[in-house]
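Here is a walk through the aromatic side chains of one protein model. Please have the sequence and the coordinates open while reading.

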Amino acid sequence: MAAPKPKPLSLAIQAEHLRQIMPESRYLIESGELRWWGYLLPSPLSQSYRVKLTYRLTGKPKIHILSPQLIIPPDKKLPHIWSKDDLCLYFPDQKEWHLGKILAHTVLPWASEWLFFYEIWLATGEWVGGGTTH
């Protein structure tokens, strides 16, 4: 027998969890979409990154880095992104994230971890964060 499908958490509940984790951040729920803006600091030696999370109950959460602009060295391709600036944080087929999970406890820490590995990649040219090839 298959496991029951997780019950989705409402956008308001997701927003409240994000606010509790990062009270200085801000969010907007409009037209069935949660938009959240805040700052992530991947390590004590890192710079602070301004990020935007967008999420609809009908899709996957998306994280975009607003500033500073991500650096892509010549002859390199930014690893582990879905589109120009939508970070690839998990492999959907492995069910690491679903509608019943809290964004503030999953996607945000994963984005911070992605930024940590991005900084290592920028310094060394090697992505050490694992994952699958796109």
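Is W110 buried, partly exposed or exposed? At 21% relative accessibility, W110 counts as partly exposed; buried means under 20% relative accessible area, exposed over 50%, and partly exposed in between, with a 1.4 Å probe and protein chains only.

The model is predicted, so local features need pLDDT of at least 70 and side-chain atom pairs count only at pLDDT 80 or more, while totals for chains, interfaces and linings use all residues. Residues are numbered from 1 along each chain as its sequence is written, and side-chain values use heavy atoms, with hydrogens and water left out.

A search of the whole structure finds 8 aromatic pairs. Rings of Phe, Tyr and Trp (its six-membered ring) pair if their centres lie within 6.5 Å; planes under 30 degrees apart count as stacked, over 60 as edge-to-face and the rest as tilted. One of the pairs joins Y90 and W110, tilted, at 5.7 Å centre to centre with 45 degrees between the planes. Y90 lies in the loop between β4 (62-67) and α2 (107-124) and W110 in helix α2, so this contact ties together parts that are 20 residues apart in sequence. Helices (H or I, at least four residues) and strands (E, at least two) are DSSP runs, numbered from the N terminus. Y90 has 10% relative accessibility and therefore counts as buried.

F116 and F117 form an edge-to-face pair, 5.5 Å centre to centre and 70 degrees between the planes. F116 is partly exposed at 33% relative accessibility, whereas F117, with a relative accessible area of 16%, is buried. Both belong to a cluster in which ring pairs link W114, F116, F117, Y118, W121 and W127.
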